[in-house]
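Please examine the sequence and the model shown below. The paragraphs that follow proceed from one element to the next.

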Amino acid sequence: MSLENVTKAVPARLSDDGTAVVCIDQTLLPNETVYLTLSSAEDLWEAIYMLRVRGAPTIGVFAAYAIYVLSLQTKQAAFDAFYVEFKRNKDYLDSSRPTAVNLKKQLDRMERCVLAHREEPVEKILPALKQEALDIHREELDMLAAVSEYGLTLVKDGDGILTHCNAGPLAMSPGLGAILLGKERGYEFHCWVDETRPLLQGARLTSYELTLAGVDCTLICDNMASIVMKEGKVNACFVGCDRVAANGDTANKIGTSGVAILAKHYGIPFYVFCPSSTIDFNCKTGADIRIEQRKPEEIKTKFYEKPMALDSVKCYNPAFDVTDGELITAIVTEKGICRAPYTESLKALFGGDEK
Ligand code: MRU
């Protein structure tokens with residue numbers, strides 16, 4: 001079993017002819033396996049906004065391929081005009097979702113690639129952009145493997161592990177990586193999978209990935225995390241992240257901070273799995289992280305046969321929350337395991353400078 005390919009699903013890649021981005025439509029899983037081949041700016045934007053592609057690292061990789069594909073379509077032969085169009089496409093893609101830093105970070109990296117080749121003809125910039133996107137993808141998969149190795153040192157055979165949202169191969173995230181690696185090496189874990197309201201990434205994606213990998217797992221509603229912890233069924237909590245501030249405050253799927261508070265109450269370690277592509281040293285604390293607000297329909301009508309609240313009822317639908325660094329037992333990265341104080345431990349491993 002390869003960590004990046006448990007479901008055989010391809011979260012994001014270039015099409016065989018190199019002119020489009022191919023991704024599995026994660027909104028249709030686990031019932032339907034549908035691949036999308038996207039090449040227009042609107043379709044690429046919509047795929048991110050609607051969470052057809054989702055999970056911080058996958059969004060970053062997808063965006064890198066997307067900006068390359070859009071750059072191929074430019075008719076501009078002169079650098080300045082090409083760059084103006086590049087920036088327009090970049091800003092548009094970047095506007096699709098605000099919280100996962102990988103989106104902006106990988107688009108910024110693609111822009112640096114354009115600028116590094118500014119003295120060359122546009123037709124030379126395009127292969128450089130393609131290579132940069134492929135490098136971003138490869139690096140993300142390498143980080144996934146390295147973080148997973150460190151993560152496996154934090155648990156033992158037979159442990160119960162609670163998960164929130166989906167931080168597995170579909171997200172190109174190492175949150176499930178240690179569990180999948182452990183399975184490969186003969187560990188038997190039991191996973192308690194939070195369904196993760198309102199978009200059910202835990203129910204639809206995490207329990208799917210774990211089941212396909214042969215990992216014993218049980219789906220629970222989010223409000224059942226407390227009882228399984230109290231019953232002594234959970235030895236550790238594993239979550240991914242969308243943006244980690246310099247002080248370790250961590251934005252992740254809504255509900256994560258509640259899990260961390262419960263874990264602290266019950267004395268259970270709470271681990272964040274974080275490739276360095278998700279650290280944002282420009283955010284000093286979690287207060288600097290912008291939280292995405294989404295539509296009321298996701299709470300009131302989506303997944304239901306009939307609306308579950310009156311049309312007039314107001315909804316508050318933040319897609320993420322920030323877990324205070326002090327609630328996090330460790331942040332697991334590809335270079336090692338960081339512990340509090342995170343301002344020092346993250347800086348020691350990664351230098352603290354944002355590119
Ligand atoms: O809204 P989503 O599904 O893109 O949110 C994803 C999460 O919050 C994941 O837990 C996170 O990205 C982990 S993947 C690094």
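Which elements are included in what covers the buried residues of α1? This is a predicted model, in which local features need pLDDT of at least 70 and side-chain atom pairs count only at pLDDT 80 or more, while totals for chains, interfaces and linings use all residues. Residues are numbered from 1 along each chain as its sequence is written, and side-chain values use heavy atoms, with hydrogens and water left out. Helices (H or I, at least four residues) and strands (E, at least two) are DSSP runs, numbered from the N terminus.

The cover over the buried residues of α1 includes β2, β3, α2, α3 and α4, where contact means heavy atoms within 4.5 Å. The residues A41, L44, A47, I48 and Y49 of α1 are buried; buried denotes under 20% relative accessible area, exposed over 50%, and partly exposed the range in between (1.4 Å probe, protein chains only). After α1 comes L51, which has a positive phi near 65°.

L44 also belongs to the largest nonpolar core, which has 42 residues; L44, F62, M110, V114 and L129 have the most contacts inside it. Such a core is a set of buried Ala, Val, Leu, Ile, Met, Phe, Trp, Tyr and Cys residues joined through side-chain atoms within 4.5 Å. At least two residues of this core are supplied by each of β2 (21-24), β3 (35-38), α1 (41-49), α2 (56-72), α3 (79-94), α4 (101-116) and α5 (122-152). The largest share, 11 residues, comes from α2. Not counting residues up to four places away in sequence, L129 touches Y68, S71, F82, F86, M110, C113 and V114. Another core, of 28 residues, lies apart from this one and has M229, A263, I279 and C338 among its members.

The loop between β1 (13-14) and β2 contains S15. S15 counts as buried because its relative accessibility is 10%. The side chains of S15 and D17 are joined by a polar contact of 2.7 Å (a pair of N or O atoms within 3.5 Å; within protein, one must be able to donate a hydrogen and the other to accept it, and residues adjacent in sequence count only if both atoms are side-chain atoms).

Attention now turns to the strands. Strand β10 (residues 270-273) is covered on both faces, with F270 and V272 buried on one side and Y271 and F273 buried on the other. Strand β7 (residues 236-239) runs parallel to β10 and is joined to it by 3 bridges; two strands pair if DSSP finds at least two bridges between them. F238 stands opposite Y271 of β10. β10 also pairs in the parallel sense with strand β13 (residues 330-333), over 3 bridges, and here F273 stands opposite V332.

A further group of 4 strands forms an open sheet of mixed pairing, in the order β11-β8-β9-β12. β11 (279-280) and β12 (320-323) each have a single partner strand, so one side of each of these edge strands is left without a neighbour in the sheet. Strand β9 (residues 250-253) pairs with β12 in the antiparallel sense over 4 bridges, and A251 has V322 as its bridge partner in β12.

The ligand is surrounded by 18 residues, the closest being R54, R97, D242, N252 and K253; a residue is near a molecule if one of its heavy atoms lies within 4 Å of it. An N or O atom in the side chain of R54 is 2.4 Å from an oxygen atom of the ligand.
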